[in-house]
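This report is meant to be read beside the structure shown below. It turns to the ligand and its surroundings, and then to the aromatic rings.

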Amino acid sequence: MVTQNEKIEFDVLFIGGGPANLAGAIKLMQLARQNNLELEVALIEKGSQIGSHALSGAIMNPIALKELLPDYQKKGYPLETIVKGDGFQFLTNQKNIPIPVIPGEMHNKGYHIISLAKFTRWLGSLAEEMGVNILPGFAGTKVLYGLDGKTVIGVQTGPKGLDKKGKHKSNYEAGFDLMAKITVFGEGARGNLVKDMGARPGIFKKKKMPQIFETGIKEVIQLPEDNFFKTAPYNDIHTLGYPLGLNTPGGGFIYEMADNKASIGLIIGLSYEKPLLDFYDEFIKFKKHPLIAGIIKDGKVLEQGARAVSTGGLFTIPKLFSNGALFAGGSAAMHNAPGLKGIHLSMKSGMLAAQTILRAFQKKDFSEKTLCSYDENFKKSWAFKEIQKGRNFSQALAKKGILKPVYLGAQYFTNGRGIRDSMPLIKDAATLKPLKKEISIKKKNFDKNYFDDILYVNKLTGIYLSKTKHREDQACHLIIKDQAICIDKCYKTYQCPCTKFCPGNVYEIEVNENSRQPRLILNPANCLHCKTCDIKDPYNNILWTCPEGGEGPDYTIL
Ligand SMILES: Cc1cc2nc3c(=O)[nH]c(=O)nc-3n(C[C@H](O)[C@H](O)[C@H](O)COP(=O)(O)OP(=O)(O)OC[C@H]3O[C@@H](n4cnc5c(N)ncnc54)[C@H](O)[C@@H]3O)c2cc1C
């Protein structure tokens, strides 16, 4: 049994196998080849395979893909289909009203519909062919710093085979100290390592607006052969209105996929205010709306999952470099909020990071002095211009009442300036409104016809369809800092919103009718790694940490 962390040296280490880092690793290998530079590059991913934790819509603007791999079509690129037209609908309870004017950023005609799980797997195989050491099943759990306490010198991966009390089991395997001259953090929305670094002085600049997020629940549905998309003039539908209403930010989407499949999801802005908003119920209500139910009629759910996305945009982008470290993709809030797109921007940020890494190796300087060119190049890029245009969009979307359309409309006429530049943002954890009176939690008693276990699956079946798994006999990776807060404060004030926003049913409240003393029950094995609990908990009482590498969902087509 090895109990000491083994140390492995690389030149460059990428944390996370999403589109940002995979594009970054591929670009770096291309540049290294062109410049006759030998680099030892590794990429770790906490999922059991590249793509296992990848979930997105996904309509992709192919601009970054074309820049990175001009011959992508010859390399087995897993395209689902091309957007043939956009359908934008406002939903009331029972009706739908087509919105005639589609905002510019939401014109997707000609863009690619993809599955992010398939796309990242494909990028991963290309990166591996080019010599990147792709290491799935390894979760980065701790950032390693040099003697000055500020220079990043690598990342530690978590051990495997600890029991609930943290004792070694017979199959214990120590983690690794993965050392690198440059570490690129591409953990996606709410990365746990990036969050830790944010709490450390001297890494990020103070006075940045907080990152804000949305969470989406998504399914892939197998449709019959003669389905809606065969004759419809559009295969990319976005909805506003029902079931969320106008005061809860978010909306629905449904896209055509290859082989008579559809991608369907509901995204909810985590700046919502109602503590009793139940994400899964809202998702099912969306699917049951007559327009949507008609489109997915006679379908069967194949896979389900959930994930948060960082949507704050420009004003929430952290400092992009530090001594020995670069930040890319969703971890660094690379997102076009009005266009609902982050894949191409994440890829571009990874590619820009690669250019800076090349320069750093040529100059043999891995300090901020050289790495700051990443930020300079980002500011000159099309990605910056695109993000800048949507800089006040999430703030406008979070507005309530009749002025909301005014705030949103102003964005389009002022090139993103809006009514006020920059509009402030509130941390998602601070937006819930306390309940006026304590309502006792009742188990929902849905009509038994509500779920049919085929097209409308209940939450537990949904979790089963995400294929998520965690070894039960290990310490809980969701750390409740103070259990008393859950009952004494959170239950009384908000009725434990974690039990409603968590799409994985990780948090449950059991109310003992006799003592009326509620009890929080945790089911960490169900966790979908969406990170909503770490973001939205009003008392900042839940800490999401990486479980053993290789655990969590196993998405294949999301
Ligand atoms: C529901 C939904 C719909 C969306 N729709 C669209 C769309 O239609 N078009 C679009 O362009 N964008 C869309 N987005 C946004 C898009 O998916 C993201 O912008 C993009 O995936 C970000 O890429 P990334 O590489 O930064 O992060 P991610 O895709 O999140 O990848 C990060 C990877 O890092 C791994 N990881 C994290 N932490 C660690 C660690 N400590 N150690 C090891 N591995 C780690 C994760 O498991 C994951 O695989 C959507 C997002 C969601 C949630």
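An oxygen atom of the ligand is 3.0 Å from a polar backbone atom of Ala20, which is one of the polar contacts set out in the table (pairs of N or O atoms within 3.5 Å).

| Residue | Part of the residue | Ligand atom | Distance |
|---|---|---|---|
| Ala20 | polar backbone atom | oxygen | 3.0 Å |
| Glu187 | N or O atom in the side chain | nitrogen | 3.0 Å |
| Arg307 | polar side-chain atom | oxygen | 3.1 Å |

Taken alone, the ligand exposes 1,000 Å², of which the protein buries 96%; these areas come from the Shrake-Rupley method with a 1.4 Å probe.

The model is predicted, with local features needing pLDDT of at least 70 and side-chain atom pairs counting only at pLDDT 80 or more, while totals for chains, interfaces and linings use all residues. Residues are numbered from 1 along each chain as its sequence is written, and side-chain values use heavy atoms, with hydrogens and water left out.

Around the ligand there are 37 residues, the closest being Glu45, Ser56, Ile59, Gly140 and Gly330, where a residue is counted if one of its heavy atoms lies within 4 Å.

Among the aromatic residues, Tyr72, Tyr77, Phe119 and Trp122 form one cluster, in which rings pair if their centres lie within 6.5 Å. The planes of Tyr72 and Tyr77 meet at 85 degrees with ring centres 5.1 Å apart, so this pair is edge-to-face, a term for planes over 60 degrees apart. Tyr72 has 6% relative accessibility and counts as buried, as does Tyr77 at 10%, buried meaning under 20% relative accessible area.

Notes:
A polar contact is a pair of N or O atoms within 3.5 Å; within protein, one must be able to donate a hydrogen and the other to accept it, and residues adjacent in sequence count only if both atoms are side-chain atoms. Rings of Phe, Tyr and Trp (its six-membered ring) pair if their centres lie within 6.5 Å; planes under 30 degrees apart count as stacked, over 60 as edge-to-face and the rest as tilted. Buried means under 20% relative accessible area, exposed over 50%, partly exposed in between (1.4 Å probe, protein chains only).
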